[in-house]
Amino acid sequence: MTPSPLDPVLLEALAQSARAGRRPLAELTPQAARAQLRARAAAAAPGPPVETVRPIEIPAAHLPVPARLYEPAQVRSTVVYVHGGGWSVGDLDGYDALCRKIAVRSDSRVVSVAYRLAPEHPFPAGLTDVEAAVRWAAERYPEAPLVLAGDSAGANLATVCARRAREHGGPRIAAQLLISPVTDHDPTRPSYGRNTDELLLLRAADMAWFWDLYVPDARLRDDPDVSPLRAGDLSSSPPALIVLAGRDPLYDEGLAYAEALRRAGVPVDLVVHPTMAHGFVAFPSLPQAAETLDALAAAVRGAQRRHQTDPKTDPTEVPR
């Protein structure tokens with residue numbers, strides 16, 4: 001398969017970022033990588049105003065989980081958002097603009113979760129924190145449909161939580177929204193070899209670095225709570241919106257996950273942007289980033305409509 005050329009607008013944005021001093025994550029320490037992402041977030045355009053934005057602490061068995069709550073004037077659903085960053089970088093500020101947009105565009109309260117990061121807190125610490133946030137949101141706001149969303153490693157945690165919620169008797173998840181999800185630990189997939197450009201935000205070396213930080217014991221990486229594509233039964237998963245970038249090392253595993261969900265009878269709405277690369281949603285000037293936001297908002301509104309029709313019945317249609 002010959003990859004599509006990178007979109008020229010995205011290519012220039014990546015080049016500008018590199019000229020400004022961005023270094024490949026795998027060449028940095030986790031602390032330096034976090035600082036680099038914080039600097040990028042500080043320079044990004046702010047999101048729209050939201051009626052209420054405040055820090056919260058979610059009760060958990062170990063320590064409270066920090067989070068940020070966004071509530072627009074009208075609230076019709078709850079979205080738990082799980083940020084990306086290879087389970088080891090990323091924070092609430094870096095996703096503030098995106099969470100604001102989701103809240104405003106979909107009339108949703110958004111709970112953005114600051115889960116514990118590797119290597120200080122390897123698997124399953126982050127997953128445990130996100131599950132605590134999901135349970136809290138379901139108990140706190142029982143009247144609203146509950147949607148899980150995330151990107152990259154955050155999408156990995158979101159989809160694992162969504163499947164586990166069905167397997168363990170709740171809470172009920174109305175939809176899962178996954179942007180460039182990590183679904184497996186196999187770097188031999190062709191999309192890894194096709195996407196080696198130096199300017200890319202994510203390459204094979206970066207994913208290897210992330211895996212070593214998050215799951216240092218390679219024997220655990222086959223666990224479906226780590227590699228959800230390896231789950232024996234995905235039929236318990238809620239309807240999914242999956243957004244993929246064609247120039248992303250994770251493209252093949254994301255596509256395989258969409259196909260596995262469909263084979264298991266799970267409704268899937270798959271959106272592919274062939275000329276985009278991993279992390280493209282962070283560049284709001286791209287039309288594809290705006291289209292992804294449209295798709296996210298539409299999927300949340302679909303969950304809202306299904307809930308209004310019959311709040312006691314599991315969703316059975318693709319979220320649109």
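I looked up contacts (heavy atoms within 4.5 Å) and noted that, among those in the protein chain between residues at least 6 apart in sequence, 77% join residues at least 24 apart. I keep in mind that this is a predicted model, in which local features need pLDDT of at least 70 and side-chain atom pairs count only at pLDDT 80 or more, while totals for chains, interfaces and linings use all residues. Residues are numbered from 1 along each chain as its sequence is written, and side-chain values use heavy atoms, with hydrogens and water left out.

**Overall form.** I count nine helices and eight strands in the protein chain, taken as DSSP runs numbered from the N terminus (helices H or I with at least four residues, strands E with at least two). The radius of gyration is 18 Å, close to the 20 Å that the globule rule gives for 320 residues, so the chain is as compact as a globular protein of that length; the radius is taken over C-alpha atoms, and the rule is 2.2 Å times the number of residues to the power 0.38. Along the principal axes, the C-alpha atoms fill a box of roughly 50 × 45 × 40 Å.

**Surface and burial.** Of the 320 residues, 56% are buried, where buried means under 20% relative accessible area, exposed over 50%, and partly exposed in between (1.4 Å probe, protein chains only). The chain exposes about 13,100 Å², of which carbon and sulfur atoms supply 54%; these areas come from the Shrake-Rupley method with a 1.4 Å probe.

**Helix α3.** I listed the buried residues of α3 as D96, L98, C99, R100, I102, A103 and S106, and found that they pack against β1 (52-58), β2 (65-71), β3 (77-82), β4 and α9 (287-309). R100 belongs to this helix, which spans residues 96-106, and is buried because its relative accessible area is 18%. Leaving aside residues up to four places away in sequence, R100 touches G47, P48, P49, V50, V53 and Y70. Just after α3, D107 takes a positive phi of about 50°.

**Aromatic pairs.** I found six aromatic pairs in the structure, a pair being rings of Phe, Tyr and Trp (its six-membered ring) with centres within 6.5 Å, and planes under 30 degrees apart counting as stacked, over 60 as edge-to-face and the rest as tilted.

**Helix α7.** The buried residues here are D206, M207, W209, F210, W211, L213 and Y214; what covers them includes α2 (30-43), α5 (153-167) and α6 (190-194).

**P142.** Is P142 buried or exposed? I found P142 in the loop between α4 and β5 (146-151), and it is exposed because its relative accessible area is 60%. The C-alpha atoms of P142 and S77 are separated by 9.8 Å, although these residues are 65 residues apart along the chain.
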